[in-house]
Amino acid sequence: MEQDIYSDGSDRVERMLLFAFLDVKSSGCEFREQLPLLQKQSILRSAKEVQCYDSDGELQTDGNRSGHLQNGELVLDPEVNEEVVRTIAAQLAEIGDQLDKQIRAKVVNDLVQHFRNENLPREEITRYLSQAVEGLARAIPSDLEQEKAMLVLAMLLTKKVANQVPSLLQRVFSTTVNYINQHLHNYVVRMVCAIQQLCSSAQVTAQVSLLALVTP
């Protein structure tokens, strides 16, 4: 089984967001005791300050933005406000409560079997996760933004698989991070950057403005 503990940092915001989501949703879950191990193994990299760049890759003097363009893709810079990420995760977890009933037990059971197969490469297991997310997303009401639905569904599936088989937490976490990084990276970065800009410019907490930007 691949460990995939360390990365080049390009998926750090996905790791932060998914961990925060699982932490929020872990009450009563079988995998809760394993969450500190993810941190201990450096799956998450702490961030204390914010360095921000404009669309040309230049450092912003106000330090309020946290992403820049690299080869046409949004890249989150190393320092991200962790409290903002945690607050976004909490709001997404509330959406997850509404979508939970959309996830059939068979979908979770099938994923568990795939994750149990240690011979499957990361690309293959990521493809199975992507198919599950896309299949579920097609049943989501149209008033929920598609990218948001897919993000929440992917994180919900992570929670359900890990809760069913806690020993799979590390692998499903890594796979979901890979999926989000491949398919939803720009969406996640835009969401985090928007909240950080808003909070910094208004000098208010993230909670005040998240409702309009994150909820359906």
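Among contacts in the protein chain between residues at least 6 apart in sequence, 74% join residues at least 24 apart. The model is a predicted one. The points below treat the chain as a whole and then turn to particular parts of it.

**Overall organisation**
- The protein chain contains nine helices and two strands.
- Along the sequence, these elements follow the pattern α-α-β-β-α-α-α-α-α-α-α.
- The protein chain has 216 residues, of which 49% count as buried.

**Nonpolar core**
- In soluble globular proteins, nonpolar side chains tend to be buried together.
- In this model, the largest nonpolar core has 63 residues.
- Leu-17, Leu-92, Leu-151 and Leu-157 are the residues with the most contacts inside this core.
- Two or more residues of this core come from each of α1 (12–25), α2 (35–40), α3 (82–99), α4 (105–116), α5 (122–137), α6 (146–164), α7 (169–183) and α8 (185–202).
- Helix α6 gives the largest share of this core, 11 residues.
- Leaving aside residues up to four places away in sequence, Leu-157 touches Ile-103, Val-107, Val-108, Leu-111, Leu-129, Ala-132, Val-133 and Leu-136.

**Helix α5**
- The 16 residues of α5 should span 22 Å at 1.5 Å a residue, and the end C-alpha atoms of α5 are 22 Å apart, which agrees with that expectation.
- The buried residues of α5 are Ile-125, Thr-126, Leu-129, Ser-130, Ala-132, Val-133, Leu-136 and Ala-137.

**Glu-118 in the loop between α4 and α5**
- Glu-118 is located in the loop between α4 and α5.
- The relative accessible area of Glu-118 is 48%, so this residue is classed as partly exposed; the exposed class requires over 50%.
- Glu-118 and Arg-171 are 53 residues apart in sequence, while their C-alpha atoms are 9.6 Å apart in space.

Key:
Residues numbered from 1 in each chain as written. Predicted model: local features only at pLDDT ≥ 70, side-chain atom pairs only at ≥ 80, totals over all residues. Heavy atoms only, no water. Core = buried A, V, L, I, M, F, W, Y, C linked by side-chain atoms within 4.5 Å. Buried < 20%, exposed > 50% of the residue type's maximum accessible area, 1.4 Å probe, protein only. Helix = DSSP H or I, 4+ residues; strand = E, 2+ residues; numbered from the N terminus. Contact = heavy atoms within 4.5 Å. Expected span 1.5 Å × (residues − 1).
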